Structures are given as structure tokens and as C-alpha cells.
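Here is a short briefing on one structure.

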Amino acid sequence: MPELPEVETVRRGLQPVLEGRRIAQALVRRDGLRWPFPDRMAERLTGAMVTGLNRRAKYLLVALDTGETLIIHLGMSGRMLVSDAEPGKHDHVVLEIEGGARVTFNDARRFGMMDLIESDRVHQHPLLADLGPEPLGNDFNALVLTTAFAGKKSPIKSALLDQTIVAGLGNIYVCEALWRAGINPLRLAGEVGSVDLLVRVIREVLSDAIEAGGSSLRDHRQTNGELGYFQHSFSVYGREGQACRTVGCLGVIERIVQSGRSTFWCPTCQIV
């Protein structure tokens, strides 16, 4: 599933195409994906001007001059592509943009979603209402994270995947951040002392991944159809049995399962 860097990469790719442009025609080619599409979605989108394109956690927020915001989640395999190609089998929503661009929501496995809500209520949407702070925003800092971790008996890995604690983090980037911070993923969240360092490396990992266009392991594509490249920079994720990349460390990356998710880490140097 696309995580924050992949969604932010898509947002940046769509921004020059959508922002300040009018949707000349919206074509909705099925009744819904993970959930039904909102009533009259094509009609409500057609003719609307995009006044802003933002991201909240793993959701794209397309603000319209109609007073509504289109919420998009890419699901497991969703892609937002800018192309002049004719719509294919898995191109479920097509936006013809004033000036000639075509934006397509492609989702082979159909776990994505789209919804429309009044813009002044967008953060009250059930999918957004309980999200924690953005890890790249000013509201995410050591004090906030320390307070959220206080008394937590769950492992730090699981706590960081809790979207009410911090929004947008997923399995890949939590593994990478914990390795950079030298933190044992089994350590209880309430016992982690190096929170300042953890905040810094979370920001660094996410920023590095965005700069590389995200990670393409299976489905992620940038808006021009190209792959992301951060997967070539993984230090632990997917590297079970390989040498740790910490300078001077002789350890080997191991894989364990936490809450049904694979955790990749180095038991030799992740000892904090």
C-alpha cells in the first residue's frame, strides 16, 4: 500500500496539472471501488475548478471551487496517472482537464476510494477525524511523541504504525527509521528514551523517500508512469539475511513478525 512518500510524490506530480485548472469532464466508469462512489460524482466534478491540492496522511485532498473536496485514497494498487492514452480496463475514473490534460485513477485491485465532502468539514470525515500529526509538519515533535508514548505497553514499531499517534507512516518507513535511530523494534514505546533522534530520522527517511519518488515494490508509479527509486536505498526493509549497512556493524538483517506485519531490523546495532 502506498505510504506517505508515495502519496506526496503523486500530489506533487498532479499539482501543476490540476491546481488552478477546471475539470472539463469527469467520467466515472463503475459504481465504486472499495466503497460506492458518492452520488452524482461525475456531475459534481464536471465543471469544477481545482483550487488546491493537499495531502493528509495517505489521502489526497482536492479542493474545488464548488465548496467540496474530493478525498482520494490509492488503496493497495491505485495510481493517479497523467496521460493522453485512452482509458483501459482498470481506469475507473477519468478527469479531462481544461487545456487538454487527462488524469486517470487506475486501480487493478479496487481497494482505493473516492469521496466528496464539504470543504469546511473535510477534517471531520470519518477517515480523517482521528489522525495524528503530520510527521513532516510543525505539530510533530519530541514532546508530542513523548506524550503519545507515555505508558504505552505496545512495541515502538506498532505504536508508530498507529495513525492516531502519527499520520501517514507505514511499515517500510518505520522499519527504516528505527534502524537509522538504532532503536530495537521490540522496545516498548513508553520506554524509548531517544525520542528527539527518532523524530529527526523519521523526517529524514520520509524526505529522502519523497526526493527519490517513493518506493516501487509492486504497484506504485509516479504520475508520469515512472517508478520510484527509494527501494534501492533500503537499509533493512526486505534485506533479511544480508549484512547490516551500519558502518562497523557485523550484524545481519533479520525478519520478525509484529502484529501480522514483517519487521526487518539488525539485532546487533538496534539496541536502544
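In this predicted model, the sulfur of Cys 269 lies 3.6 Å from its closest cysteine sulfur, that of Cys 244. A disulfide needs the two sulfurs within 2.5 Å, so this separation is too far for a bond.

**Cysteines**
- Seen from Cys 244, the closest cysteine sulfur is the one in Cys 269, again at 3.6 Å.
- Cys 244 is buried, because its relative accessibility is 9%, below the 20% limit.
- The disulfide count is zero.

**Nonpolar cores**
- The largest nonpolar core holds 41 residues. Leu 145, Phe 149, Ile 156, Leu 160, Leu 198 and Ile 202 have the most contacts inside it.
- Four helices each supply at least two residues of this core: H3 (142-149), H4 (156-161), H5 (171-181) and H6 (195-211).
- H6 gives the most, with nine residues.
- Leaving aside residues up to four places away in sequence, Leu 198 touches Leu 145, Phe 149, Ile 156, Leu 160, Leu 178, Ala 181 and Ile 183.
- A second, separate core has 28 residues, including Val 7, Leu 14, Phe 37 and Val 93.

**Sheet**
- Four strands make an open antiparallel sheet, ordered E1-E6-E7-E5.
- E1 (23-28) and E5 (78-82) are the edge strands; each has a single partner strand, so one side of each lacks a neighbour in the sheet.
- From one strand to the next, the twist averages 15°.
- Five bridges join E5 and E7 (residues 102-107) in the antiparallel sense. Arg 79 has Asn 106 in E7 as its bridge partner.
- Helix H1 (residues 4-18) packs on the sheet and touches E5, E6 (91-97) and E7. The directions of H1 and E5 make an angle of about 35°.

Definitions and conventions:
Residues are numbered from 1 along each chain as its sequence is written. This is a predicted model: local features need pLDDT of at least 70, side-chain atom pairs count only at pLDDT 80 or more; totals for chains, interfaces and linings use all residues. Side-chain values use heavy atoms; hydrogens and water are left out. Buried means under 20% relative accessible area, exposed over 50%, partly exposed in between (1.4 Å probe, protein chains only). A nonpolar core is a set of buried Ala, Val, Leu, Ile, Met, Phe, Trp, Tyr and Cys residues joined through side-chain atoms within 4.5 Å. Contact means heavy atoms within 4.5 Å. Two strands pair if DSSP finds at least two bridges between them. Axes are lines fitted to C-alpha atoms, for helices over the stretch in contact, and angles run from 0 to 180 degrees between N-to-C directions.
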